[in-house]
Amino acid sequence: MSKQNLLRVSDATMQFGGVVALNNLNLELNKGEIIGLIGPNGAGKTTAFNVITGVYSPTNGEITFDGEVIASNFPHGKMKALYAGQNAGKYTKSVVPTPDKITKKGIARTFQNIRLFKDLTVFENVLIAKHLNIKSNVFAATFMLNRKEEQQMREETMELLKILDLETHKDDIASSLPYGKQRHLEIARALATKPKLLLLDEPAAGMNPQESDELKNFVARIRDDFNLSILTIEHHMQFVMGICDRIYVLDYGTLIAEGIPSEIQNNPKVIEAYLGVDE
Ligand SMILES: Nc1ncnc2c1ncn2[C@@H]1O[C@H](COP(=O)(O)OP(=O)(O)OP(=O)(O)O)[C@@H](O)[C@H]1O
């Protein structure tokens with residue numbers, strides 16, 4: 001199968017004041033791949049996710065998704081003098097994304113700390129995610145949805161719950177679900193927006209080895225069922241090594257290694273970065 005690029009992060013730097021949180025990140029993800037982004041605490045992983053999903057506009061660099069530049073920036077204004085990263089002058093245009101625009105282009109994410117409407121049912125949680133993603137404006141989304149569209153969304157929501165083994169929980173209040181199922185529901189909400197790329201931020205956090213093993217199978221299954229590509233941040237090495245096609249390693253904002261799991265496991269720089277870190 002020939003590799004077809006889906007996401008390309010080029011020279012992405014994110015600087016907060018004088019702090020370079022992400023330093024010239026270059027990352028590629030091909031269609032169908034599961035890619036891991038790992039590194040010790042504070043390495044810049046979440047910042048990379050925030051830059052890809054439009055929470056932050058990079059200070060410098062470019063992001064291409066499915067052949068389209070979705071974010072591009074260069075140090076200007078006050079940052080022109082402050083900029084401490086690389087490749088100043090390489091980029092000259094400013095394409096400023098917002099999270100909702102990025103979602104509509106086909107990138108969805110989950111968060112380190114599960115974010116659900118805790119007091120609503122499983123069904124309502126997924127249906128709301130669908131409502132938020134319709135192409136029309138908020139007014140139309142709230143008042144003008146015709147019955148046919150609403151019915152279709154409800155059917156698609158049920159279909160999603162079936163595929164994700166949440167059907168029997170559809171009327172349960174989200175906060176009453178076991179932890180592992182809440183993670184499934186969070187992923188179901190992300191999938192409600194029909195993404196091509198799914199970003200998972202520490203999906204196995206707080207899970208025991210058995211739960212994380214189940215999650216591994218679940219993630220592999222949804223990749224196939226939904227024709228997805230996946231980028232995941234994770235500290236659970238068993239999960240990362242067991243599921244990722246390739247892995248990128250950050251340390252102090254800088255990429256220190258990339259490769260297939262066996263290469264990463266034996267990379268001296270990676271071992272050194274993790275020395276003394278009890279993960
Ligand atoms: N909004 C911000 N303002 C200033 N500094 C920030 C901001 N966001 C992140 N940083 C800094 O950038 C660095 C990278 O943080 P980031 O959260 O991306 O790391 P991480 O690899 O996701 O860590 P963890 O594994 O602990 O979640 C840290 O030094 C952090 O303090």
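How many bridges join E7 to strand E8, and in which sense do they run? Five, and the two strands run parallel. Strands here are DSSP runs of at least two residues (E), helices are runs of at least four (H or I), and both are numbered from the N terminus. Two strands pair if DSSP finds at least two bridges between them.

Quick housekeeping before I go on. This is a predicted model, where local features need pLDDT of at least 70, side-chain atom pairs count only at pLDDT 80 or more, and totals for chains, interfaces and linings use all residues. Residues are numbered from 1 along each chain as its sequence is written, and side-chain values use heavy atoms, with hydrogens and water left out.

Okay, back to E7, residues 197-201. Take Asp 201: opposite it in E8 (residues 229-233) stands Ile 233. To get from E7 to E8 the chain passes through helix H8, residues 209-225, and this β-α-β crossover is right-handed. That is, with the strands pointing away from you, the path from the first strand over the helix to the second runs clockwise. Strand E6, residues 107-109, also runs parallel to E7, joined by three bridges, and Arg 109 has Leu 199 as its bridge partner.

So which residues of E7 are covered on each face? Leu 197, Leu 199 and Asp 201 are buried on one side, and Leu 198 and Leu 200 on the other. Buried means under 20% relative accessible area, with a 1.4 Å probe and protein chains only. As a reminder, side chains in a regular strand alternate between the two faces of the sheet.

Now look at E4, residues 60-65, where six of six residues are buried. Ile 63 is a handy landmark in E4: Val 9 is its bridge partner, and Ala 71 in E5 stands opposite it. E4 and E5 make a hairpin with two residues between them, and Asp 66 in the turn has a positive phi of about 50 degrees.

Last, the ligand. There are 13 residues around it, and Gly 42, Gly 44, Lys 45, Thr 46 and Thr 47 come nearest; "around" means a heavy atom within 4 Å. Helix H1, residues 45-52, gives the largest share of that shell, three residues. For polar contacts (N or O pairs within 3.5 Å), a ligand oxygen is 2.9 Å from a polar backbone atom of Gly 44. A polar side-chain atom of His 235 lies 3.1 Å from a ligand oxygen.

Note on methods:
A polar contact is a pair of N or O atoms within 3.5 Å; within protein, one must be able to donate a hydrogen and the other to accept it, and residues adjacent in sequence count only if both atoms are side-chain atoms. Buried means under 20% relative accessible area, exposed over 50%, partly exposed in between (1.4 Å probe, protein chains only).
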